[in-house]
Amino acid sequence: MIDNAFIESVIRVLFAVVIITAAYIISTRNLITLVSAYAFQSLTLVCMALALYFHEGTPVLLAIAFITFISKVLIIPYFITNIQERIRIKRDIEFHFLSPTTSLLLSMAVILFIYLALSNILTGTAARDSLFFFGAVIGISLMLMGMMVTFSRKRAITKVLGYLSMENGVLLFGMFVTELPFIIEFLIVIDLIILVMLTTILSVGLDSTLEEYHDRLHRFHLVEDTEDGS
Amino acid sequence: MIIAAFVITAFAALVLVAVSRTHRQMNSICIGEAAVFLILAVWLLLSGQVPVLSFVLGNQYFFIDHLGIYEALIATIIFLLAAIYARGYVDNLLESHELGRGSLKLFYGAWAFLLALIVLAFFSDNLALFWIFTELTTVVSAILIAILYARDNIDAAIKYIFIASVSMLFSFVGLVFLFQISRSVFGTGTLNWTVLMQQAPAYPAGMMIAAFALIFIGLAAKSGIFPFHTWLPEAHVRAPSAVSAILSGVLLNVGIYGIIRVFAIVHRTTAVSTVTILLLVSGLLTVGIAAFSMLPQKKLKKLIAFSSIENMGLILIGLAIATPLAIFWTLFHVMAHSFTKAGLFFSAGILHRQYHSPLSADAVDDMHDVFRFQPVAAWGIILGGLAIIGMPLFPVFLSKLFILTQLFTVSLPALALLLVLLFIAAASLGYYVISTFTTVSQGPGDRDIVAYKTPAGMKWPIIILLVLILILGTVFTSGEIAFLDTIVSELMF
């Protein structure tokens, strides 16, 4: 077997890679690189699952790596790229509430906060020093960073990528904890695929941001009065 | 094995919808599916097999206890009536070109699938499995909302998906926490509710609070609890009324059901004192937000939607009290609210067909001469409105009365606040009904309006529901009491 300490350091490097991709997803404005960044992030998770498999030897991790590779590295990015070409949106330069710079600063604060909060909760337990602790910190941070993307982007299709990034965070977190049965991981992936298909198809229906669409309605006087629209 | 019967029925319904051609066929299939589900559930209950614990699937993913069968019964009854109602309603949608014929298959397919998902969610023992079914109900019901030819519907559906799904991810993290707790205490982790309940007294309080708070976020979003309620009014107003009835009468219950289950676990740990405060505060806030949003409301369906939010808040308060009596009446309130609310949405749907309300969610309804055009719907709204604000003779009266008296034993200020808020909500509903329903047209121009010929299939569900709630509110059999008592004792309150 490969040396355990070596695998642990590999996993730590992968943690850093995940955070970098998350930061990239927050800040980039080009939709195509956004999808690639997501696919790359998922690939990192696949590597992590494999590394963990060599570390712990639970075969479920292999299955997770496989199904993640198929769904999140291949199918979902392919589907989203396809839709993007159809609706011909290349760039997403509008943001709600948070600009990319603020989001990045905020996510640093988030990571720090979660690190402190979790080390508080877990002090004294065996979990504090293990990989589980780092998995939890990085996973939850990734989730919150994805949430920032979901709420700060205007286009539904970028919101989807934020959601997917969140889901990656959950998967990352789950990998370090669970002996969750494989059937459940599998069903989650099915759920994810349905959700992605539905939202992207709906966003083709919208073909523009939700706000723009409300503006358009206003301009044609189809709507007398709306509170705030979104 | 009985689970297999449910799954096979649902699968057959899906296949039949896929091969059928006309609207009538598809509608009949959905009615049939709901009827078979109802028969299966009633048979399960009467044959005394509940709780069912052994299944062919390993690892015990499913089980059926009294709470599960109770919720499933409510769901199937509403689905059955909504499917009967949908025939006339969807016909009219097709005539007015609000729904394309091409979308019919998707609509009824999603409908049949949704019922199966909801029932399976109620029968899940494994909480992760429950999570997946709940998450899938979001996606499938979003299809039902987005189905109409209006961009506002897509807008509402996307908002619903994002708010609910993003929050549900937090729930999943909470479940992983729960798994980790059970693993750290007993060596092997589990998410099976029945096992968790047995182990619960040994769980550490700090981790339990974190786990519950995270799980609560997602389920609160599913059931329209403040501050995650923002999707609810829009989705309920946008959706076809048959779907609104399901959203409000059944889907909100899925979230509440999950909260009840997880709270039952927490109730057996030392974390309960903190968690009840969380439930009480969010319940009060929810009722408050709903009451003040109802006050200026000029749109019937939106008013009813906010009233759902108010009732969900009340249910949370009932849970927070956590005495066996309060839990008993909270469960009763779940049923009372579902039936009353479904009736209200059915009536609102008829009025909606009659007056073709404007596109915007905030535009004022233009209703007049309701008694001349739609007497059944008008009485449905009036009696349903009286029922939902908790007038005597109706079941909500009983549940509200007992929840409030139980609240008295916990906190007097909370009771006073809640009473004021409930009064505001009731007053705004009353104000709307009185001011709208007494409007009688004067100008000769209004005489041109053609009365919408309401099919009998749309009237009967309302009448049946009204009779049902009248019976529930006046007759209390010992069987019913024993049944609810069993649920309370199974939840170990």
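**Working through the model**

A: With 13 C-beta neighbours inside 10 Å, B:Leu393 counts as partly exposed. Here buried means 20 or more other C-beta atoms within 10 Å of a residue's own, exposed means 12 or fewer, and partly exposed is in between, with C-beta atoms placed from the backbone.

Q: What should I know about the model and the numbering?
A: It is a predicted model: local features need pLDDT of at least 70, side-chain atom pairs count only at pLDDT 80 or more, and totals for chains, interfaces and linings use all residues. Residues are numbered from 1 along each chain as its sequence is written, while chains are lettered from A and ligands numbered from 1 in the order in which they are written.

Q: Back to B:Leu393. Where is it found?
A: B:Leu393 is in the loop between α15 (375-388) and α16 (395-410) of chain B. Helices here are DSSP runs (H or I, at least four residues), as are strands (E, at least two), numbered from the N terminus.

Q: And what is the phi of B:Leu393?
A: Near 85°, a positive value in a residue other than glycine.

Q: What about B:Met492, what is its phi?
A: B:Met492 has a positive phi of about 60°, and it is not a glycine. It is in the segment after α19 (478-490) of chain B. B:Met492 counts as partly exposed because it has 13 C-beta neighbours inside 10 Å.

Q: Which peptide bond is cis?
A: The one from B:Phe226 to B:Pro227, with omega near 0°. B:Pro227 sits in the loop between α8 (205-222) and α9 (231-238) of chain B.

Q: Switching to chain A. How many helices and strands?
A: Eight helices and zero strands. Of its 230 residues, 37% count as buried.

Q: How do α1 and α5 of chain A pack?
A: Helix α1 (residues 4-27) and helix α5 (residues 131-152) pack at about 10°, with axes 10 Å apart. Axes are lines fitted to C-alpha atoms, for helices over the stretch in contact, and angles run from 0 to 180 degrees between N-to-C directions. α1(A) and α5(A) are therefore roughly parallel. The classes are: under 35 degrees roughly parallel, over 145 roughly antiparallel, 65 to 115 roughly perpendicular, the rest oblique.

Q: Which residues meet there?
A: Among them, A:Phe15, A:Val18 and A:Ile19 in α1(A), and A:Phe134, A:Ile138 and A:Leu142 in α5(A). Contact means C-beta atoms, placed from the backbone, within 7 Å. By class, this contact has 14 nonpolar, no polar and one charged residues. Ala, Val, Leu, Ile, Met, Phe, Trp, Tyr, Cys and Pro count as nonpolar, Asp, Glu, Lys and Arg as charged, and the others, Gly among them, as polar.

Q: And how do α2 and α6 of chain A pack?
A: Helix α2 (residues 31-56) and helix α6 (residues 156-175) pack at about 10°, axes 11 Å apart. That makes α2(A) roughly parallel to α6(A). Their contact has twelve nonpolar, five polar and no charged residues.

Q: How many residues are in the largest nonpolar core?
A: It has 254 residues, and B:Ile78, B:Ala82, B:Ala112, B:Val119 and B:Val173 have the most contacts inside it. Such a core is a set of buried Ala, Val, Leu, Ile, Met, Phe, Trp, Tyr and Cys residues joined through C-beta atoms within 7 Å. Helix α6 (residues 151-186) of chain B gives the most, 21 residues.

Technical notes
Contact = placed C-beta atoms within 7 Å.
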